[in-house]
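Please load the model in your viewer and keep the sequence panel open.

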Amino acid sequence: MFLKLSLLLGLLALGPHVCSWKFEDISKSTQNFRLCVEFAVFHFNEHEPDEYAYKLLWVGRSQRKKYRWIYLMDLELGRTICKKHDEDIDNCPLQEGPEQKKVSCTFIVDSRPWFTQFTLLNSTCQQKWGEEFPAPTAAPFLLKNEGLES
């Protein structure tokens, strides 16, 4: 009985340290992280209403949840001249001029590498505005119906 109690107390003392669920920085070159990035870009392209494909430009944050196969990543994607279902999007040139678009996204992907299964848990994307493309301002609105007689 005493042995079981001391083992239980030991696990309780170590529990918060061993069972931490925080994200930790990892190498961007790990195989499973790269597969998760590829999945996130594919998922973005499949669900983005734009007819053009986006490709990976830059990987910012690369993290993995401690003791889990859940990855957190910040990616920058650029709009290409290729359509979504064209082959070899990675080698497709980016659009230039007024058609150029870049988005910054944060993805959280759960992976099951032994099944080659990926699930997008969360994604947040916003368009990046460069100096050439100023962010849009709020559209003007009418305070009253001008030109309409009642």
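How do the residues of the lining of the largest pocket divide into nonpolar, polar and charged? The tour answers this at its second stop.

**The whole chain.** This is a predicted model, in which local features need pLDDT of at least 70 and side-chain atom pairs count only at pLDDT 80 or more, while totals for chains, interfaces and linings use all residues. Residues are numbered from 1 along each chain as its sequence is written, and side-chain values use heavy atoms, with hydrogens and water left out. Colour by secondary structure: the protein chain has two helices and five strands, arranged along the sequence as α-β-α-β-β-β-β. Helices (H or I, at least four residues) and strands (E, at least two) are DSSP runs numbered from the N terminus. Of the 150 residues, 29% count as buried, that is, under 20% relative accessible area with a 1.4 Å probe, protein chains only.

**The largest pocket.** Select Glu 38, Val 41, Phe 42, Asn 45 and Asp 90, which are the closest to the centre of the largest pocket among its 13 lining residues. The space there is about 260 Å³, a volume being the space filled by probe spheres set on grid points joined across faces, edges and corners. A pocket is an open set of points on a 1 Å grid over the protein atoms alone, where a 1.4 Å probe fits, with protein on both sides within 12 Å along at least five of seven lines; lining residues have an atom within 4 Å of a point. The lining comprises six nonpolar, two polar and five charged residues. Helix 2 provides six residues, the largest share, and strand 2 also supplies at least two.

**Asp 50.** Next select Asp 50, in the loop between helix 2 (31–47) and strand 2 (52–65). Asp 50 counts as buried because its relative accessibility is 10%. A polar atom of its side chain lies 3.0 Å from the backbone nitrogen of Tyr 52. Beyond neighbours within four places in sequence, Asp 50 is in contact (heavy atoms within 4.5 Å) with Arg 79, Lys 84 and Lys 101.

**Cys 105.** Finally, move to Cys 105 in strand 4 (residues 102–112). Cys 105 counts as buried, because its relative accessibility is 3%. With neighbours within four places in sequence set aside, its contacts include Phe 44, Met 73, Leu 77 and Cys 125. Select Ser 123 as well: Cys 105 and Ser 123 are 18 residues apart in sequence, and 6.8 Å separates their C-alpha atoms.

Conventions:
Buried < 20%, exposed > 50% of the residue type's maximum accessible area, 1.4 Å probe, protein only. Polar contact = N/O pair within 3.5 Å; in protein donor to acceptor, adjacent residues only side chain to side chain. Nonpolar A, V, L, I, M, F, W, Y, C, P; charged D, E, K, R; others polar.
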